[in-house]
Amino acid sequence: MTRAISEIGLSVKRLQMRHHREANAVLAPLGVSLVQWDALRHLHANPEASLHDLAQLTFQTDQSFGTLATRMIDRGLIERMPGPGRAVRHRLTGKGDAIREQGQRLLEEVLRRSFAPLSEEELAVFDGLLQRLLA
């Protein structure tokens with residue numbers, strides 16, 4: 001018997017929250033939160049992205065990403081660069097990129113542990129279902 005759709009939706013949220021809590025715990029020794037690490041990840045993957053693009057990629061408003069970027073600049077993780085016209089671009093510093101790389105390894109381990117109860121085939125099916133839902 002299938003559970004109520006609201007319960008399924010709540011389970012998705014619980015899994016996400018578990019990932020967030022564990023991610024923040026393993027990233028803390030690096031001095032960054034999941035939100036900060038995610039910004040580093042997206043800057044690495046999208047080096048020419050505008051502040052607005054980065055805000056959207058990290059599920060933030062332009063204002064909140066601007067505040068986050070300022071704090072990360074102050075910590076030497078990213079730097080501002082002039083862009084075309086009035087645009088401002090950001091890029092990783094060496095320190096920020098090193099933290100991004102270390103964080104990537106830590107977060108992959110969090111996710112491996114989380115999905116360990118699934119076989120490779122089950123994980124592939126789960127991934128396919130997620131892809132379909134997000135399409």
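Start by selecting Glu 79 and Arg 91: their side chains meet in a salt bridge, 2.4 Å from N to O (a side-chain nitrogen of Lys or Arg within 4 Å of a carboxyl oxygen of Asp or Glu). This pair links distant parts of the chain, with Glu 79 in strand E1 (residues 78-82) and Arg 91 in strand E2 (residues 88-92), twelve residues apart. Strands are DSSP runs of E, at least two residues, and helices are runs of H or I, at least four, numbered from the N terminus.

Before moving on, note that this is a predicted model: local features need pLDDT of at least 70, side-chain atom pairs count only at pLDDT 80 or more, and totals for chains, interfaces and linings use all residues. Residues are numbered from 1 along each chain as its sequence is written, and side-chain values use heavy atoms, leaving out hydrogens and water.

The count comes to six salt bridges. Next, select Asp 97, Arg 100 and Glu 101, which are linked in a salt-bridge network. Within it, the closest N and O atoms of Glu 101 and Arg 100 are 3.6 Å apart.

Now pick Glu 109 and Arg 112, whose salt bridge spans 3.4 Å, N to O. About one helical turn separates Glu 109 and Arg 112, because they sit three residues apart in helix H5.

Phe 115 lies in helix H5 (residues 94-115) and Phe 126 in helix H6 (residues 120-134).
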